[in-house]
Amino acid sequence: MSLPPILSGPLAVPVVASPMFIYSGPELVAAQCQAGVIGAFPSLNARPQSALAEWLDQITASNAAFAEANPDAYVAPFAVNLIVHKSNDRLAEDLATVVKYEVPIVITSLGAREDVNEAVHSYGGIVLHDVINDKFARKAISKGADGIIAVAAGAGGHAGTQSPFALVREIREWFDGPLLLSGAISHGRSILAARAAGADLAYIGSAFLAAEESRAPGDYKQMIVDSTASDIVYSNLFTGIHGNYLRGSIEASGLDPDNLPESDPTAMNFGSGGDSASKAWKDIWGAGQGVGGVSSTGPVAELVDRLRAEYREAVEELVESTAAESASGQAIAATRG
């Protein structure tokens, strides 16, 4: 199955920037789109709810102005993430705004709902649903999602525990539609590895979280740069759902990252404002195991340029290696013939 046009257009590198709770704003999304990767933000980041329309206007206007000034540049589309969990009392209003603005790509999380998918399909948009296992992937597609975001072990924020190779392979056994892979991807070689495993695009968060245009505070960005995979702690204490967090932020909150209690999953809350989930993400900083590949807090354009160069180099090396192996194999066959 070929990708839908909105995902198959030319990109600087096959990447969708994951929507990061609190810290993905219109400035970051516009910079991502204008650098040639698909930008995204959670609708709940726009507060109050009326700000969502303002953000969509800002992103659309910025991308249009950039495209006009740079006619040879490809400006990537953007996506809005909707939390469809029952605790999100803004969902109906946010969905109505998304439909009004005909947001091209919608990412749904924490539940799969047919009515949400149908609303997005009504104007020609597509829905990508994030999952942590094959069971949830099947449920999402059965309810009308167009594609899957496989959130594997090592992904920042809410994440699963399965190997990316196992998770992608299980989904690809029955699903040939759009498939994205998330989990410790911060280098161009990792993007190629995601595609080689069977994904269409890589889904990257932590590297963009540290970017200049991100709304994350400076000490958060620096902690990402200074951390490695061993500094990531997996816990459900902070939101009721298991996720990956920076050890340093847990310690700064007066907690022992090696002895965290379990939380009640029913306590998670994604309400419209001032909720416990927001407080948790402000105090406890999410990040993925790919932080070891993040070495600077520069602008998005520089990050994408680096990823593109690394990706192209990896592709070229793979082609050369494959050609050499083929030539060697042919030589051996000739001597045996």
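Predicted model: local features only at pLDDT ≥ 70, side-chain atom pairs only at ≥ 80, totals over all residues.
Which residue in β3 does Pro42 stand opposite? The answer comes below, after a look at the chain as a whole.

## The whole chain

The protein chain holds 13 helices and 11 strands. Its radius of gyration is 20 Å, close to the 20 Å that the globule rule gives for 337 residues, so the chain is as compact as a globular protein of that length. Taken along the principal axes, the C-alpha atoms fill a box of roughly 75 × 50 × 40 Å.

Of the 337 residues, 52% count as buried. The chain exposes about 14,500 Å², and 52% of that area is supplied by carbon and sulfur atoms.

Contacts also reach along the sequence: among those between residues at least 6 apart, 66% join residues at least 24 apart.

Now let us zoom in on strand β2, which covers residues 39–42. In a regular strand the side chains alternate between the two faces of the sheet. Here Gly39 and Phe41 point one way, while Ala40 and Pro42 point the other way. Buried or exposed, then, are these four? All are buried.

β2 pairs with strand β3 (residues 78–83) in the parallel sense, over 4 bridges. That brings us back to the opening question: Pro42 stands opposite Asn81 in β3.

## The link between the strands

Note on methods: Residues numbered from 1 in each chain as written. Heavy atoms only, no water. Buried < 20%, exposed > 50% of the residue type's maximum accessible area, 1.4 Å probe, protein only. Helix = DSSP H or I, 4+ residues; strand = E, 2+ residues; numbered from the N terminus. Pairing = 2+ DSSP bridges. Rg over C-alpha atoms; globule rule 2.2 N^0.38 Å. Contact = heavy atoms within 4.5 Å. Areas by Shrake-Rupley, 256 points an atom, 1.4 Å probe, with all protein chains shown as cover.
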